[in-house]
Amino acid sequence: MVQKYQSPVRVYKYPFELVMAAYEKRFPTCPQIPVFLGSEVLRESRSPDGAVHVVERSCTLRVDAPRLLRKVAGVEHVVFLQKNVLNWRERTLHIEAHNETFASRVLVNENCSYTVHPENEDWTCFEQSASLDIRSFFGFESALEKIAMKQYTANVKRGKEVIEHYLQELIAQGTSHLPRWTPAPVREQDTHRQPGPQEPSSLEGAVIGSSPCLALEGVSTDGDKLDADYIERYLGHLTPMQESCLIQLRHWLQETHKGKIPKDQHILRFLRARDFHLDKAREMLCQSLSWRKQHQVDLLLQTWKPPVLLEEFYAGGWHYQDIDGRPLYILRLGQMDTKGLMKAVGEEALLQHVLSVNEEGQKRCEGNTRQFGRPISSWTCLLDLEGLSMRHLWQPGVKALLRMIEVVEDNYPETLGRLLIVRAPRVFPVLWTLISPFISENTRRKFLIYSGSDYQGPGGLVDYLDRDVIPDFLGGDSVCNVPEGGLVPKSLYLTEEEQEQADQLRQWSETYHSASVLRGVPHEVALEILEGESVITWDFDILRGDMVFSLYHAKQMPKLGPWEPGPRTSGQLIDKGWVLGTDYSRMEEPLVCREGESIQGSHVTRWPGVYLLQWQVHSPLGSVACSLPGVDDVLTALHSPGPKCKLLYYCEVLASEDFRGSMSSLESGTSGFSQLSAATSSSSSGQSHRSSLVSR
C-alpha cells in the first residue's frame, strides 16, 4: 500500500531571496537536524543568463530505527538523491528527492516547492508532498512503514523550525534584505555564442517546462489550498499527518463531489471520528453527504419552523457558553413529556427539531470561533434528569430516541464536546443500559454524570461553567429561558388517522427519493448491472408537471468520480459528448407521464453495463426524441420563472430468480407485475420485457 503525505501551505513572512539564503545554510551539513549526516554536490549547472540554477546532491541520512531492524537491513545510513531547480526570475525553488538505498524494495518520493505568496510578494510559501511504497523488506514491512512515517512527519515540523532558525541568524548578522535577481547586460560576443554539449541553449525552458515538481501531487489552484496559519487559527493544532489527511480528503471532494463542498471544520470532524483513517472517513462522509442531499438538510435552518406545541413543551434551548467558549445547550429531559410530544407532533417532527439543533450548534461554533479568536468545533450539553421516570422509558419513545442517536452519530460526529448529566435518578441506569450500545466510545468518554446534589461545589458544574452561566434552577445566578416542559394535554394528541399518515410518510421518506426537474435538465439514476440477466423495477409518482420517462443502456459509467455501490443519482449523468446509438442506446420507448399519475414498471436486462433511468420535462412539441438538452433549453431552464416538475421515485435491481419474492413484485402484483414475473422466470434468451401501469 502506498502511503501519501501532503502538507498545507506554510508561510514564511520573509522575502523569497532571504528564505533561499537561509535554505542554503542547511548544506553541506546541518547540526539542527541530527539525522542529516551530510551532502555532496554531484552536478551543478546554470542557464546562460544565470536565472536558473540546477543542483543535484547526494544526501546521507542516519537510520533512526530499532537495532534489530538496522541489523537485518545491514545499514546504518541511507542515501537520497536530491534535485533542486532554483529560478531567480520566477522566484521559485522546486525540489524533488528519492531514495537510492533499497530502491528496489522501498520507494520514497518527495516534492517540495518554495514560491512567492500570491497576495504578498515579500512573503514566501512552502509546500511539500511525499509518497512511501514498501514493496518488500525482509518481513518488516509494517514496522518499517510506521517508523518511516513517524520520522518523516517529525522531520517535517523540524524543517520549518530550521529555516526559521537560519532566518533569525541572518537577521542577527545584519542581513535582513537581499536584492532581487536582475538580468546581466548582454555582451555582443554572448549573442553569437553556441551552447556546448554540457550547456543547453535553453536550460531554463528545458528544466522548468519538464520538471514534474511543478505539478505537486494533491495541490490544486491557489484558492483551494489550505494555509498552515489558517489551520492553526480556525481548526486547531494538527499533527503533520492529520493535516495531510485533511488536505487529501478535501482535495478528493473538490475533484469528485458535484454538490456543495463541506466546510473544513465539518470534514475534520469525520476524520477525527475515524481516527484519521482516510478511507474510513471518506466512506462515512460520503454516506452523510448523500443523506444530507436526500433530506435537504443544508436548507433545514431556513425551512424548518417547529410547531407551536413543540416550542412550548420541548424543554431545551441554547444558553451562553461554557468556560472553554463552547456553545451551551440545556435539555431538561426529566421535565419533558416525551410520550405526549410523540403523540402530539409525531416522531418525524421531533427528529427534524433535533437535526435543527445540531445544525444550529455547528453555526454557533463558527460564530464563537470568530468571537473568541480560537478554534471551537463542538458544543456542551447540560442534561437535567430531575423528574425522569418509567414514563420516559415508553417503548416507542425509546425506539425513537435510539433512531435519533443513530442519525446524529452518523452525520454529526465529534460535535459534542462535553455532556454534563445532573440530578440523575435511580431509573437512569436502566435508560443508560438501553442507549449506551448505540453511542460511540469517543462520545461516551465525554459524559460526566452527577447524581443528587453532586454537581454543586468543587468538581461539579463550576469546573465547566462560569458561575454567572449556571442556570437558576440548578442554584446558579443566570435566568434560564429554556421552556419548562410539562405534560402535553391529551386533547392536542394526533388522531389515529393522523398518526397513521405520519408513520406512512416516514416510511415513504426512508424508501422513496424526491427530485425536481427543470426543462432541459433531466434527472437521471444510474444502475450498474454486473450480470447479463437482471430485473430493474421502478415505481414513481408525478407530483407536479408532465414528464417523459426513458431507459437507456451504456457500456461505461459517466466520469463523475469513484463508483460507489448502489444507485447513482444526479441531475444529468449522460455525458453531453455521447451520441445516441453509439455511446449509449435506448432500451424502452419514452413514456409520457401526466401530473398525478403513478407509474410502475420493470425491464429485464440483456447485457451487463450501466442502465440509466431518466425523467425530463415533457414538451408538447415532440422533443422527447433527443435526450440531451441544447444550449437554448438549458438557458430556458435557468431563467424560466415557471415551476419545477417534481416526482417521488423508487428503483431496485433484482436477480431474475429473486424477482417474484421481492418487495416491489409483491406490492405491485395487482398492477401488472405478476404477469411479468412469470415471463421473467421462464425467460432464457434475455429478451427485453416491459410492463407499466398508469393509475389515476
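Predicted model: local features only at pLDDT ≥ 70, side-chain atom pairs only at ≥ 80, totals over all residues.
## A charge over a ring

Arg57 lies over the face of its ring, 3.8 Å from the ring centre. Phe27 has another feature to look for: a cis peptide bond joins Phe27 to Pro28, with an omega of about 5°. Pro28 belongs to the loop between helix H1 (16-24) and S3.

Arg282 lies over the face of Trp252, and here the distance to the ring centre is 5.1 Å. Keep Arg282 in mind, as this residue returns below under salt bridges.

## Rings that meet

How many aromatic pairs does the count come to? The count comes to 18 aromatic pairs. One of them joins Tyr12 and Tyr114, which are stacked, with 6.5 Å from centre to centre and 25° between the planes. Tyr12 lies in strand S2 (residues 10-12) and Tyr114 in strand S7 (residues 106-117), so this pair ties together parts that are 102 residues apart in sequence.

Phe540 and Trp615 make an edge-to-face pair, with centres 5.4 Å apart and planes at 85°. This pair links distant parts of the chain: Phe540 is in strand S16 (residues 534-544) and Trp615 in strand S21 (residues 609-617), 75 residues apart. Phe540 is buried, at 0% relative accessibility, and Trp615 is buried, also at 0%.

Rings can also join in a cluster. Ring pairs link Tyr12, Tyr23, Phe27, Phe36, Tyr114 and Phe126. Here you meet Phe27 again, the ring with Arg57 over its face.

## Opposite charges that pair

Side chains of opposite charge can pair when their charged atoms come close. The structure holds 29 salt bridges. In one of them, Arg89 meets Asp49, with 2.6 Å from N to O. The two residues come from distant parts of the chain, 40 residues apart: Arg89 is in the loop between strand S5 (77-87) and strand S6 (92-99), and Asp49 is in the loop between strand S3 (36-46) and strand S4 (52-62). Arg89 is partly exposed, at 36% relative accessibility, and Asp49 is partly exposed as well, at 29%.

Now back to Arg282. It forms a salt bridge with Asp279, and the closest N and O atoms are 2.5 Å apart. Asp279 is partly exposed, with 38% relative accessibility, and Arg282 is partly exposed, with 22%.

Glu311 and Lys305 meet in a salt bridge of 3.6 Å, N to O; Glu311 is partly exposed at 38%, whereas Lys305 is exposed at 62%. Asp322, Asp324, Arg326 and Arg418 are linked in a network of salt bridges.

## The second largest pocket

Rolling a probe the size of a water molecule over the atoms shows where empty space is left. The second largest pocket has a volume of about 1200 Å³. It is lined by 48 residues, and those closest to its centre are Leu331, Val354, Leu401, Ile405 and Val408. What kinds of residues make up the lining? It divides into 35 nonpolar, 8 polar and 5 charged residues.

Several helices and strands take part. Among the elements that each supply at least two lining residues are strand S10 (327-331), helix H13 (347-372), helix H14 (395-411) and strand S12 (416-424). Which element gives the most to the lining? H14 does, with 9 residues.

Gln296 is not a glycine, although its phi is positive, at about 55°. Look for Gln296 in the loop between H9 and helix H10 (300-303); it is exposed, with a relative accessible area of 52%.

The other residue is Glu414, with a positive phi near 55° in a residue other than glycine. Glu414 is found in the loop between H14 and S12. Both H14 and S12 also supply residues to the lining of the second largest pocket.

Conventions:
Residues numbered from 1 in each chain as written. Heavy atoms only, no water. Salt bridge = Lys/Arg side-chain N within 4 Å of Asp/Glu carboxyl O. Helix = DSSP H or I, 4+ residues; strand = E, 2+ residues; numbered from the N terminus. Buried < 20%, exposed > 50% of the residue type's maximum accessible area, 1.4 Å probe, protein only. Phe/Tyr/Trp six-rings, centres within 6.5 Å; stacked < 30°, edge-to-face > 60°. Lys NZ or Arg CZ within 6 Å of the ring centre and 35° of its normal. 1 Å grid on protein atoms, 1.4 Å probe; cavity = no way out; pocket = protein on both sides within 12 Å on 5 of 7 lines; lining within 4 Å. Points joined across faces, edges and corners; volume = space filled by probe spheres on them. Nonpolar A, V, L, I, M, F, W, Y, C, P; charged D, E, K, R; others polar.
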